Amino acid sequence: MAGSNIDGPFGLRPHNLLGSAANSNGLTSYLVQVSATAGSSSAIYQGDMVIPLTNGLVDVSAADGGSVAILGVMGGCEYIALDGTPTFSNHYPGTASLKSGTEARVFVYDNPHQVYEIQGDATLTNIATATALIHGNAEGTGFGSENGSTGNSIGELSVASAGATTATDNFRVVGIKDSFDEIDVTAAGVVFLVKLNLPFHTATTGL
């Protein structure tokens, strides 16, 4: 008997690593602002995809993931607020909320072999259709926007794009998180397992 889904997008969140490697869910610290260069004016929410910039800083990806190789997934941030308070947060609010001339960092899940959970944005119709999406590629949708005031991304997997063979799509669908007995494939909110298809740290060309 089919279960039900929780339709609550959360962007990408770490699940495990491909194979049997130990998974520490470790994060790497990247600069998003330095004293000489203001950070991005765009917010980066927990679960958003992060891209590298030619100035050595990082920024949020386009809503669908974009065409720049993805560095990883935002996990948290530290910065100096306008009043001088050191702040640790699950999201980067944009440079307008940071004290000018201060350093800010985001913490990124950047293991190229990381598998992530991501919610699908639409119905999968039936089990056969859902299963056929595994091993295909897909794009994202909604990244760079916040779920309410949670600090979490509303990024999702675009079901309409899933199952493609397009090499530049940002996700490779590894599987579906839960048993078909526990979910409803006729409703939105099924959670997929994906890896980044073209992670920056496996590319040989720098910026």
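I began with glutamate 117, which counts as buried at 7% relative accessibility, where buried means under 20% relative accessible area, exposed over 50% and partly exposed in between, with a 1.4 Å probe and protein chains only. I note that this is a predicted model, in which local features need pLDDT of at least 70 and side-chain atom pairs count only at pLDDT 80 or more, while totals for chains, interfaces and linings use all residues. Residues are numbered from 1 along each chain as its sequence is written, and side-chain values use heavy atoms, with hydrogens and water left out.

**Salt bridges**

I then looked up the charged pairs, taking a salt bridge as a side-chain nitrogen of Lys or Arg within 4 Å of a carboxyl oxygen of Asp or Glu. The count by this rule comes to 3 salt bridges. In one of them the side chains of glutamate 117 and arginine 13 meet at 2.8 Å, N to O; this pair links distant parts of the chain, with glutamate 117 in strand E8 and arginine 13 in strand E1, 104 residues apart. Arginine 13 is partly exposed, with a relative accessible area of 35%.

Glutamate 117 also forms a salt bridge with lysine 177, the closest N and O atoms being 3.5 Å apart. Because lysine 177 lies in the loop between E12 and E13 and glutamate 117 in strand E8, the pair ties together parts that are 60 residues apart in sequence. Lysine 177 is partly exposed, with a relative accessible area of 35%, and shared partners join Arg13, Glu117 and Lys177 into one network of salt bridges.

I also found glutamate 103 paired with arginine 105 in a salt bridge, with the closest N and O atoms 3.2 Å apart. Glutamate 103 is partly exposed at a relative accessible area of 44%, and arginine 105 is partly exposed at 26%.

**Sheet**

I next traced an open sheet of 5 strands, in the order E1-E8-E13-E12-E9 with antiparallel pairing, where two strands pair if DSSP finds at least two bridges between them. Strand E1 (13-17) and strand E9 (137-138) stand at the edges with a single partner strand each, so one side of each is left without a neighbour in the sheet. Strand E8 (residues 114-119) pairs with strand E13 (residues 191-196) in the antiparallel sense over 5 bridges, and glutamine 119 has valine 191 in E13 as its bridge partner.

**Cores**

For a nonpolar core I took a set of buried Ala, Val, Leu, Ile, Met, Phe, Trp, Tyr and Cys residues joined through side-chain atoms within 4.5 Å. The largest nonpolar core has 25 residues, and those with the most contacts inside it include Leu12, Ile118 and Leu124. Strand E3 (49-52), E8, strand E12 (171-176) and E13 each give two or more residues to this core. A second, separate core of 17 residues includes Val60, Cys77, Leu98 and Ala104.

**Cavity**

Last, I searched the whole structure for cavities and found 1 of 30 Å³ or more; on a 1 Å grid over the protein atoms alone, a cavity is a set of points where a 1.4 Å probe fits but cannot get out, and lining residues have an atom within 4 Å of a point. About 40 Å³ of space lies in the largest cavity, a volume being the space filled by probe spheres set on the points. Among the residues that line the largest cavity are Ile70, Leu71, Tyr116 and Leu196.

Notes: Helix = DSSP H or I, 4+ residues; strand = E, 2+ residues; numbered from the N terminus. 1 Å grid on protein atoms, 1.4 Å probe; cavity = no way out; pocket = protein on both sides within 12 Å on 5 of 7 lines; lining within 4 Å.
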